[in-house]
Amino acid sequence: MKKYLITFWAVVLSAGSGFGQLTIEQCYEMAEANYPLIVQYGLIEKTRDYNLSNATKGYLPQIQLAAQATYQSEVTELPITVDGFSGLSRDQYGATIDISQSIWDGGAIRAQKENITTQAEVDLRNLDVTLYSIRDRVNQLFFGILLNDEMIAQNDTYLKDLQRNYNEVEAYVQTGLANQADLDAVAVEQVQTLQNRTQLVYSRSAYLQMLSALIGTSIDRDAELVKPDPGQLYGTRIERPELWLYDAQFRNLDAQKLEIRAGLMPRFNINVTGGYGKPGLNMFSDKLSTYYIAGVSFSWNFGRLYTRRNSLNTIELNKGMIAAQRETFLFNTELDITQNENEVAKIRQLIDSDNDIIRLRGSVKRSAEAKVANGTMSVLDLMKEVNAEQTAIQDKIVHEIQLLQAIYNLKYITNN
């Protein structure tokens, strides 16, 4: 499935840049497809296939060609005289071709192929772990942009409210209910709000450029990042790629045990040797001749018995270390899940309180505006209430984005 997704987004990336809407899930897929290490998936698979092909060729007949020419200082002589045989020549020549076909190798080739396959799986799962970590970086950038978007939108709304306040105070100046200092106080707040907007715009642009670099294509500054649903369900079952890596490492160690056991098994081969030389098989003939030898061979190397126990114990120790790493990972992950679940619950309660605070702050601000209109409150005191309401609104915006980020942190921690 990963291959199809990568191919799809490769087409998207090559088709051009710019998006109308962009979801965080699309960013995950595009970031993985754009990451330089992605090419190693294909390289690992090709290397595995080549190694498997080489191992399978062990079932084919093994052919060896040899030739030699020698001159000996002396040769074997018979103590008796034989008619037609005057003795061997000191110069001897020979060429042979040896063909050996394995009948049974004790499972060595099968064990070798299993080791190759499981080692390639370990390498692939290592890449999965590396690529999965990109999601955490995407989360930080994506929700950073969303926070800036929400703050900019609220900033624009606040500027409109300030302009309304400015117009009202300007009218109060004309009727004598306010003075120029009051009008300047509103103007100062407008300038500061514009400064805040500038900071937010540049911050959003920086996050957008970093996200564009991560996914490998330019995101239009007017593109809309789709805000996830805060009410979505999420699971707590851990499905992280690290667990797949640990499982693959266990399988690779089991394959290594198969190779050790196969190395203790006997071997049976069919051997055929054909030759042409002087002398041939007939030692009493000093002429060039052809010959062949055919038979079945049996071999059993007991040398590996000396290291078998230590090798198997080493594998078991490695399994124990991997098991300890797996348990540690699960323990830490469970702690992270608990912490983030509490964070989600806490932020939801804060948002409920934010709504009450905003409602109350709005009521206080409207009362202050009425008092200013009646001349019983100064504009400076009004601006304090306006700022207090604005702070409450911004707090809610921050909490809403923090809630989304906490939810997606949980999804990242569990891969659910």
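**Entry 1: terms and ground rules**

I start with residue classes: Ala, Val, Leu, Ile, Met, Phe, Trp, Tyr, Cys and Pro count as nonpolar, Asp, Glu, Lys and Arg as charged, and the others, Gly among them, as polar. I note that this is a predicted model, where local features need pLDDT of at least 70, side-chain atom pairs count only at pLDDT 80 or more, and totals for chains, interfaces and linings use all residues. Residues are numbered from 1 along each chain as its sequence is written, and side-chain values use heavy atoms, with hydrogens and water left out.

I take helices (H or I, at least four residues) and strands (E, at least two) as DSSP runs, numbered from the N terminus.

**Entry 2: the cavity**

On a 1 Å grid over the protein atoms alone, a cavity is a set of points where a 1.4 Å probe fits but cannot get out. A pocket is an open set with protein on both sides within 12 Å along at least five of seven lines. Lining residues have an atom within 4 Å of a point. Grid points are joined across faces, edges and corners, and a volume is the space filled by probe spheres set on the points.

I count 1 cavity of 30 Å³ or more. The largest cavity has a volume of about 30 Å³. Which residues line the largest cavity? I list Asn-165, Glu-168, Val-169, Tyr-172, Glu-369, Val-372 and Leu-382. By class, this lining divides into 4 nonpolar, 1 polar and 2 charged residues. H5 and helix H8 (305-374) each supply at least two of the lining residues. H5 gives the largest share, 4 residues.

I turned to the largest pocket. About 320 Å³ of space lies in it. I find 14 residues lining the largest pocket, and the closest to its centre are Asp-149, Ile-152, Arg-204, Arg-221 and Ala-223. Helix H5 (134-175), helix H6 (180-215) and strand S4 (224-225) each give two or more residues to this lining. I sort the pocket lining into 6 nonpolar, 1 polar and 7 charged residues.

**Entry 3: helix H5**

H5 lines both spaces, as I noted for the cavity and the pocket. I checked its length. The expected span of a helix is 1.5 Å times one less than its number of residues. H5 has 42 residues and should span 62 Å; its end C-alpha atoms are 62 Å apart, so the two agree. Gly-176 follows H5 and has a positive phi, near 90°.

Within H5 I picked Asn-155. For burial I use relative accessible area: buried means under 20%, exposed over 50%, partly exposed in between (1.4 Å probe, protein chains only). Asn-155 has 6% relative accessibility, so I call Asn-155 buried.

**Entry 4: aromatic pairs**

I looked up ring pairs. Rings of Phe, Tyr and Trp (its six-membered ring) pair if their centres lie within 6.5 Å; planes under 30 degrees apart count as stacked, over 60 as edge-to-face and the rest as tilted. How many aromatic pairs does the structure hold? I find 7.

Why is the pair of Tyr-132 and Tyr-412 stacked? Their ring centres are 4.9 Å apart and their planes lie at 10°, so the pair is stacked. Tyr-132 is in helix H4 (residues 108-132) and Tyr-412 in helix H9 (residues 379-414), 280 residues apart. Both are buried.

Phe-268 and Phe-298 make a tilted pair, 5.0 Å centre to centre with 50° between the planes. Phe-268 lies in strand S5 (residues 267-278) and Phe-298 in strand S6 (residues 289-299), 30 residues apart. Phe-268 is partly exposed at 32%, and Phe-298 is partly exposed at 48%. I also find that Phe-268, Phe-298, Trp-300 and Phe-302 form one aromatic cluster.

**Entry 5: charges over rings**

A charge sits over a ring if NZ of Lys or CZ of Arg is within 6 Å of the ring centre and within 35 degrees of the ring normal. I find the charged end of Arg-240 over the ring of Tyr-412, 5.0 Å from its centre. Lys-411 has its charged end over the ring of Tyr-408, 5.4 Å from the centre.

**Entry 6: backbone notes**

Most residues other than glycine have a negative phi, and most peptide bonds are trans. The bond from Lys-278 to Pro-279 is cis, with omega near 0°. I place Pro-279 in the loop between S5 and S6. Asn-415 is not a glycine, yet has a positive phi of about 60°. I find Asn-415 in the segment after H9.
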